[in-house]
Amino acid sequence: MKITDRIGGDRPVFSVEFMPPKDEAGEAELWKAIRRLEPLDPAFASVTYGAGGSSRDRTVRTTGRIASETTLVAMAHLTAVSHSVAELRHVIAEYAAAGIRNILAVRGDPPGDPLGEWVAHPEGLTYADELVTLARRLGDFCVGVAAFPYGHPRSPDEDSDLERLIAKVRAGADFAITQLFLEPEGFLRLRDRLSAAGCEVPMLPGIMPLTTMRTLRRGPELSGAPLPPGLAERLERYAEDPVSFRAAGMDLTTELCERLLAEGVGGLHFYTFNRSTATSELVSRLDLGARRGAAVA
């Protein structure tokens with residue numbers, strides 16, 4: 001099944017993102033999270049590459065297992081960083097052989113420093129729209145792309161960043177998922193500007209549950225999204241109280257999601273960090289889970 005068959009309906013949906021495990025303990029933790037979230041019927045589950053395009057084989061293997069061993073619709077990430085076109089063709093062929101028909105095509109972050117200078121592989125691609133075109137030529141894939149409510153950290157300005165997003169849509173992208181953010185205005189503004197440009201594709205907001213002080217600090221640093229002063233003030237008072245911080249952070253995350261849904265957003269994409277508890281709690285609070293009411297252990 002393609003992701004476009006699962007999003008854009010009358011009822012809001014949610015999706016989840018996992019990372020490939022680094023070892024056997026991490027794999028056990030990942031699959032525990034997958035099995036706990038599966039009964040809630042997310043629209044799809046994605047699996048990232050590691051930093052700099054690393055862990056490619058684990059990404060392919062994990063995504064293939066989700067596609068073959070669960071009821072979830074699987075989406076694999078594909079990045080241009082450190083890959084030649086020949087290698088990218090091989091990865092796409094592996095996905096097709098594993099029965100995966102959904103790909104998130106992103107340029108990717110430089111190895112070692114996500115915010116460092118991006119250098120294309122000498123036999124590779126330079127922009128994500130080229131990656132979209134390649135995937136389209138090689139099979140009947142549903143292709144998603146990344147969007148940045150406050151502009152990519154390497155974009156000179158928001159107008160230039162919007163042009164890159166429009167180029168990806170016009171190359172054949174079916175939907176977009178945004179980088180994480182902590183307040184709704186940037187996302188809503190980008191959604192309206194994309195629509196005004198004639199690009200009527202679904203755009204899912206990337207949501208990071210605020211459960212620890214580290215997530216509060218690290219998320220904006222990597223995404224380029226601002227840290228809203230009022231939000232920081234509400235949470236930093238609990239810096240030495242993890243339990244209270246999590247409670248307040250989950251309330252703030254819920255408020256963000258409720259505002260987005262009230263503005264007509266059709267789906268929320270949760271960054272799980274290979275855990276299930278926070279995502280399950282948000283799904284319950286927002287009434288996004290399966291109507292069959294399966295319990296989560």
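Trainee: Why is Glu 263 called partly exposed?

Mentor: Glu 263 has a relative accessible area of 34%. Buried means under 20%, exposed over 50%, and partly exposed in between, with a 1.4 Å probe and protein chains only, so Glu 263 at 34% is partly exposed. The model is predicted: local features need pLDDT of at least 70, side-chain atom pairs count only at pLDDT 80 or more, and totals for chains, interfaces and linings use all residues. Residues are numbered from 1 along each chain as its sequence is written, and side-chain values use heavy atoms, leaving out hydrogens and water.

Trainee: What makes the pair of Arg 259 and Glu 263 a salt bridge?

Mentor: The term requires a side-chain nitrogen of Lys or Arg within 4 Å of a carboxyl oxygen of Asp or Glu. The closest N and O atoms of Arg 259 and Glu 263 are 3.3 Å apart, so the pair qualifies. Arg 259 also meets Glu 185 in a salt bridge, at 3.0 Å from N to O. Helices (H or I, at least four residues) and strands (E, at least two) are DSSP runs numbered from the N terminus. Glu 185, at 37% relative accessibility, and Arg 259, at 33%, are both partly exposed.

Trainee: Why is the salt bridge of Asp 287 and Arg 11 said to tie together separate parts?

Mentor: Asp 287 and Arg 11 form a salt bridge with closest N and O atoms 3.9 Å apart. Asp 287 lies in the segment after helix H10 (277-286) and Arg 11 in the segment before strand E1 (13-18), so the pair joins parts 276 residues apart in sequence. Asp 287 has a relative accessible area of 45% and Arg 11 one of 29%. The whole structure holds 19 salt bridges. Arg 246, Asp 251, Glu 281 and Arg 285 are linked in a network of them.

Trainee: How do you know that strand E7 is largely enclosed?

Mentor: In E7 (203-207), 5 of the 5 residues are buried, so the rest of the structure largely encloses the strand. Met 203, Pro 205 and Ile 207 lie on one side, Leu 204 and Gly 206 on the other, and both faces are covered.

Trainee: What makes E6 and E7 a pair of strands?

Mentor: Pairing requires that DSSP finds at least two bridges between the strands. Strand E6 (residues 175-180) and E7 have 3 bridges, in the parallel sense, so they pair. Leu 180 has Gly 206 in E7 as its bridge partner.

Trainee: What makes up the lining of the second largest pocket?

Mentor: The lining divides into 9 nonpolar residues (Ala, Val, Leu, Ile, Met, Phe, Trp, Tyr, Cys and Pro count as such), 2 charged (Asp, Glu, Lys and Arg) and 5 polar (the others, Gly among them). Helix H6 (185-196) and E7 each supply at least two lining residues, and the largest share, 4 residues, comes from H6.
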